[in-house]
Amino acid sequence: GPVVGIVPAAGRGVRLGQELPKAFVELDGRTMLDRAVESMLDSGEVDRVVVVVPPELAATQPEQLVRAPFSERVSVVAGGAERADSVRAGLACASDARFVLVHDAARVLTPPGLFARVVAELRRGSDAVIPVLPVTDTIKSVDAQGAVTGTPDRASLRAVQTPQGFDVALLSRANTDAGDATDDAGLVERLGERVDTVAGDPLAFKITTPLDLVLARALLASGAR
Ligand code: C5P
């Protein structure tokens with residue numbers, strides 16, 4: 001069966017201070033969503049992509065979101081109240097899939113090799129795989145007052161990126177009763193199933209803050225795509 005990408009872009013992204021959902025914010029004249037979806041399809045690892053949009057945008061045609069010919073391999077569905085509801089809507093459009101890759105539109109500069117590593121791990125037999133990077137800052141836990149309560153061993157910590165790859169049946173099972181969970185792999189862990197990791201890539205950073213936008217624009221200006 002095919003590898004189907006799911007891009008949950010149905011949130012009301014306010015974090016970049018914009019009115020539009022974050023995925024619809026433009027970077028050098030093209031939306032983050034357009035760039036992210038094209039990077040998935042152009043990697044050669046993803047057969048088609050389901051873009052999950054806010055319900056009021058559900059009538060949007062693929063060619064309004066992504067340029068041709070990539071738009072021919074894109075479908076658009078309406079999302080739900082919580083992120084997990086939106087992933088579920090995407091899964092409903094991926095019943096033919098063998099594997100699904102859930103990917104953040106905001107990881108615009110994700111290189112093709114990262115999609116390849118995740119898919120290769122799935123083909124090797126992993127049912128859930130996430131890309132991770134070592135943590136460079138020391139991480140503390142704090143209480144409600146901001147007082148430090150602990151210092152987890154940094155060597156055992158990883159920062160998690162996307163695409164997160166899953167056997168479609170496993171993610172469908174994990175996504176049932178997801179509530180307001182925002183981490184797909186976390187749902188799989190909750191089932192007691194194994195989640196594997198592959199090396200992430202710094203270029204797969206999530207554009208979240210104005211500083212991230214500066215970095216993304218500089219990378220695009222210097223020839224990244
Ligand atoms: O960056 P963050 O982890 O907050 O990502 C949340 C993602 O989930 C965003 O891409 C957002 O568009 C998406 N989402 C969704 N449906 C919702 C809420 C969030 O697709 N109801």
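Pro-163 lies in the loop between β10 (158–160) and β11 (164–167). Pro-69 is found in the loop between α2 (62–65) and β5.

Confidence in the prediction was examined next. The average pLDDT of the protein is 94. A score of at least 70 is reached by 97% of the residues. The model has an ipTM of 0.94 and a pTM of 0.95. Where pLDDT is low, predicted coordinates should not be read in detail.

The protein contains 7 helices and 12 strands. Its C-alpha atoms fill a box of roughly 50 × 40 × 35 Å along the principal axes. The radius of gyration is 17 Å. A compact globule of 225 residues would have a value near 17 Å, so the protein agrees with that expectation. Buried residues account for 41% of the 225 residues. Contacts between residues at least 6 apart in sequence were also considered. Of these, 70% join residues at least 24 apart.

The largest nonpolar core has 59 residues. Those with the most contacts inside this core are Ile-6, Val-7, Leu-33, Val-37, Val-51 and Val-100. Helix α1 (residues 32–42) gives the most to the core, with 6 residues. Val-100 illustrates the packing. Neighbours within four places in sequence are left aside here. Val-100 is then in contact with Val-4, Ile-6, Leu-91, Ala-94, Phe-166, Val-168 and Leu-171.

Ala-94, one of these partners of Val-100, is found in the loop between α3 and β6. Ala-94 has 24 C-beta neighbours inside 10 Å and therefore counts as buried; the cut-off is 20 or more. With neighbours within four places again left aside, Ala-94 is in contact with Val-4, Ile-6, Val-50, Val-100 and Val-168. The C-alpha atoms of Ala-94 and Gly-5 are separated by 8.6 Å. These two residues are 89 residues apart along the chain.

Helix α3 (residues 83–92) is largely enclosed by the rest of the structure, because 8 of its 10 residues are buried. The buried residues are Arg-83, Ala-84, Ser-86, Val-87, Arg-88, Ala-89, Gly-90 and Leu-91. Strands and helices both contribute to their cover. The strands include β1 (3–8), β4 (48–53), β5 (74–78) and β6 (99–102). The helices include α5 (168–175) and α6 (184–190).

The ligand is surrounded by 18 residues. The closest are Pro-8, Ala-10, Gly-11, Arg-83 and Ser-86. Of these, Arg-83 and Ser-86 are among the buried residues of α3. This helix gives the most to the shell around the ligand, with 3 residues. By class, the shell has 8 nonpolar, 6 polar and 4 charged residues.

Two aspartates have a positive phi. Phi of Asp-28 is near 50 degrees, a positive value in a residue other than glycine. Asp-28 is placed in the loop between β2 (26–27) and β3 (30–31). With 9 C-beta neighbours inside 10 Å, Asp-28 counts as exposed, since the cut-off for that class is 12 or fewer. Asp-177 is not a glycine either, yet its phi is positive at about 60 degrees. Asp-177 lies in the loop between α5 and α6. Its C-beta atom has 10 others within 10 Å, so Asp-177 is exposed.

Leu-213 lies in helix α7 (residues 210–221). Leu-213 has 15 other C-beta atoms within 10 Å and is therefore partly exposed. The C-alpha atoms of Leu-213 and Asp-42 are separated by 23 Å. Along the chain, Leu-213 and Asp-42 are 171 residues apart.

Methods: Residues are numbered from 1 along each chain as its sequence is written. This is a predicted model: local features need pLDDT of at least 70, side-chain atom pairs count only at pLDDT 80 or more; totals for chains, interfaces and linings use all residues. Helices (H or I, at least four residues) and strands (E, at least two) are DSSP runs, numbered from the N terminus. Two residues are in contact if their C-beta atoms, placed from the backbone, lie within 7 Å. A nonpolar core is a set of buried Ala, Val, Leu, Ile, Met, Phe, Trp, Tyr and Cys residues joined through C-beta atoms within 7 Å. pLDDT is the predictor's confidence in each residue, from 0 to 100. A residue is near a molecule or strand if its C-beta atom, placed from the backbone, lies within 6 Å of it. Ala, Val, Leu, Ile, Met, Phe, Trp, Tyr, Cys and Pro count as nonpolar, Asp, Glu, Lys and Arg as charged, and the others, Gly among them, as polar. The radius of gyration is taken over C-alpha atoms; the globule rule is 2.2 Å times the number of residues to the power 0.38.
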